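Please read these notes with the sequence and the model open side by side.

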Amino acid sequence: MEGNAGRNYHARVEPASRVGERRPVTTLFADVVGSTGLAETMDPEEWAELIGDATTTMGKVVDRYGGRVSQVLGDGILAFFGVPVAHEDDPQRAVRAGLDLIREMRTYATSPQHPDGSLQVRVGLNTGSVVTRDVSLGGSSSDYTALGDAVNVAARLQAEAAPNTVLIGPTTYAFVSHSVNATPRGPLLLKGKATPIQAYEVTTWIGGQLRPSGVPGLSSPMVGRDAELSRLSRALRAVRAGRGRVAVLLGEPGIGKSRLTAELRRHATDPPVQWLETGCVSYGQEVPYALALGIVRAVLGLSDEEMDPAATRDRLMTALGSAASHVGPQMAQLLSLDLEPWEHEEVIGLAPDALRTGYIEGIGALLRSTVREPTVLVCEDVHWADEASVDLLAPLLRLVHELPILVMLLSRPERDVPGWRLIGATRDEFGDALVELRLAGLPEDQSRTLVGNLLVIESLPSATREYILARSEGNPLFVEEVIRMLIDRGLIRRDGERWIATEEVADVDIPDTIHGLLLARIDRLPPEIRRTLRVASVIGRQFPATVLADVVSGS
Ligand SMILES: Nc1ncnc2c1ncn2[C@@H]1O[C@H](COP(=O)(O)OP(=O)(O)OP(=O)(O)O)[C@@H](O)[C@H]1O
Ligand SMILES: [Mg+2]
C-alpha cells in the first residue's frame with residue numbers, strides 16, 4: 001500500500017483449486033409469486049412466454065449492477081454478486097438490483113400485454129462467505145455457482161418476503177444500513193435453522209457514502225493529518241477572498257480522504273461556506289454522464305430521493321437563467337425530465353458534439369448562478385468517474401479561475417481509469433496553484449492512538465493490540481475493520497469501562513469488508529498474475545500487502 005513500505009499486511013489469498021474458492025458473495029433469489037395459480041389461468045404457450053420475458057427482465061437488471069445469473073429456476077432466478085468478479089460494494093449492488101427488479105417487474109406486469117397487473121415477485125438477499133465452483137461443462141465459457149449456508153439463508157428469506165418486497169439478511173444490512181430505508185422483520189426462525197435471524201425489508205435506496213462510517217458505538221477524533229488540513233484551510237481562505245482553487249486528495253481505500261474532507265467541513269463554519277457534495281459509484285463507471293449528473297443535482301440542491309418533476313424543472317430553468325432558452329432542453333434531458341414536444345424536437349436532431357457543448361454550457365451557467373458566495377464542491381471517488389463526464393468536466397475546470405469555489409477531487413491512485421484524466425487535467429490547468437495531497441498510512445504512533453481512541457480506555461493485552469496494528473499497516477479503515485471483526489467474533493468484548501480479550505487472538509481471517517476490497521483488486525488482474533497469487537496461497541504462503549499492492553499496481 002502506498003506509503004507503507006516495509007510493513008506487512010498479511011492478506012491470505014484464498015486458493016482457487018478445483019474444489020472451489022471461498023469468498024464473500026451476496027446471493028439474490030427472485031421468484032414470481034403464486035405462479036401455479038397464475039399458470040392455471042393461461043394457456044401453456046402464453047405462460048411460457050410471460051415467464052421467459054420476466055426472467056429476461058430480471059437478468060438484465062442483474063447485469064446492470066455487475067452481478068451474474070447463475071440459474072434460471074423456472075419462474076425465478078438465482079444470481080450472485082461477487083463471483084466470478086468481486087466488487088467492494090457487491091452488497092449495495094445486489095440491493096439496488098433487488099429494488100430495480102421489483103420496479104421493473106411492476107412496470108412489466110402493467111404493460112399492455114399484461115394489463116391485469118397480477119405478476120408479483122419476492123426477492124431475498126444475503127451476504128456471506130461461500131465456496132464458489134466453476135460448473136461450466138468445458139469450452140471457453142464459465143458458469144459459477146456458490147454453495148454454503150449463506151446461499152440457503154437467501155433462499156429462505158426470499159420465501160419469507162412479502163410480494164413485491166426485498167428482504168435482506170443481517171450481514172447485507174450491515175453493509176447497506178446507511179444507504180437504505182428499511183423496516184426490521186423478525187427475528188425470523190427460518191426453516192432448517194436453529195437460531196432466528198434478524199431480517200430487514202428494504203423500501204427505498206437513499207444513496208450516500210460507500211460504507212457506513214466506523215464501527216457502531218466506537219469513534220475517534222481525527223488523528224494526525226495536521227499538515228494536510230492546514231493546506232486545505234489555506235485554500236479555503238483563498239476562496240473566501242474570491243480566488244478559486246482545486247484540491248486533489250489521493251490515497252488508497254480507507255486511508256482517510258473522505259474523513260479529511262469531513263474534517264475540513266467541520267472547520268469551515270466561521271463564516272459558513274456553501275457546501276456541495278457528489279460522488280461516483282463503482283457501477284456508474286459504465287453509465288455515461290453519471291458524474292456530470294451528480295454535479296448538476298448537487299448544484300441544484302436535489303436530493304437522492306425522488307422529487308416532483310415539475311419542481312425540478314422549475315429549479316433547473318430558474319438556475320439556468322438566460323441560458324435556459326438554448327440549453328434548457330439538453331439539461332432537462334440530462335435530468336431525465338419529460339420533454340415538451342418542441343424540446344424533444346430540438347434534442348433529437350443534435351449531433352453528439354453539439355449535445356456535449358450544450359451540457360458544458362448548461363453546467364457552466366448553473367455553476368455561475370449558484371457559486372455567488374464561497375463554495376466547496378466535493379467529488380468523491382473520482383476513480384469511478386465515467387468517461388463522458390470526464391470529457392465534459394475537464395474544460396469546465398477553467399471556471400475555477402473566475403468563481404469563489406474550492407473544487408475537491410477525491411480519488412484512489414488508479415491510473416488506468418477515465419477519472420485519472422480529470423486529475424491530469426487539473427495538473428495541466430493549475431500547475432503549482434493546485435493543492436495535491438497524497439495521503440499515506442498513519443505512522444505507527446498515530447495508529448496506536450487511533451486504536452486507543454476507538455477502544456476508549458484501552459486495556460487490551462499487548463498481543464491483541466499488536467495484532468490489530470500489524471494487520472492494519474497504518475490504514476484507519478483497516479484498524480476499524482479489524483476491531484469490528486474481533487468484536488463480531490467475540491474475541492474482544494466490553495467489560496464495563498474496559499475492553500478485554502476473551503481469548504488469545506490467533507491467526508483469524510481478514511475481515512469480510514477488507515476481503516471484498518482486496519478481492520475486487522485481485523479480480524481485475526490479468527489471469528497469469530491471479531494464478532500466481534493463487535498458486536502461492538495453495539502452498540501456504542501469506543502475502544505482505546506491500547507485495548500485493550506492488551503486483552496490483554503493476555509496478
Ligand atoms: N486520521 C484519521 N483519524 C481517525 N479516523 C480516521 C482517520 N482517517 C480515516 N479515519 C476513519 O477510517 C475510515 C476510513 O476512512 P475514509 O472513509 O475517509 O477513507 P477513504 O480514503 O475515503 O477511502 P475510500 O477510497 O474507500 O473512499 C473512516 O471510518 C474514517 O472515519
Ligand atoms: Mg472515501
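1. Basis. This is a predicted model, in which local features need pLDDT of at least 70, side-chain atom pairs count only at pLDDT 80 or more, and totals for chains, interfaces and linings use all residues. Residues are numbered from 1 along each chain as its sequence is written, while chains are lettered from A and ligands numbered from 1 in the order in which they are written.

2. Gly186 and Pro187. The peptide bond between Gly186 and Pro187 is cis, with omega about 10°. Pro187 belongs to strand 8 (residues 180-188). Helices (H or I, at least four residues) and strands (E, at least two) are DSSP runs, numbered from the N terminus.

3. Asp270 and Pro271. A cis peptide bond also runs from Asp270 to Pro271, and its omega is near -10°. Pro271 sits in the loop between helix 7 (257-267) and strand 11 (274-279).

4. Asn164. Asn164 is not a glycine, yet its phi is positive, near 60°. The residue is in the loop that links helix 4 (149-160) to strand 7 (165-168).

5. Ser336. Ser336, also not a glycine, has a positive phi of about 55°. Its place is the loop between helix 10 (324-334) and helix 11 (341-348). Ser336 has 10 C-beta neighbours inside 10 Å and therefore counts as exposed.

Terms used: Buried ≥ 20, exposed ≤ 12 C-beta atoms within 10 Å, placed from the backbone.
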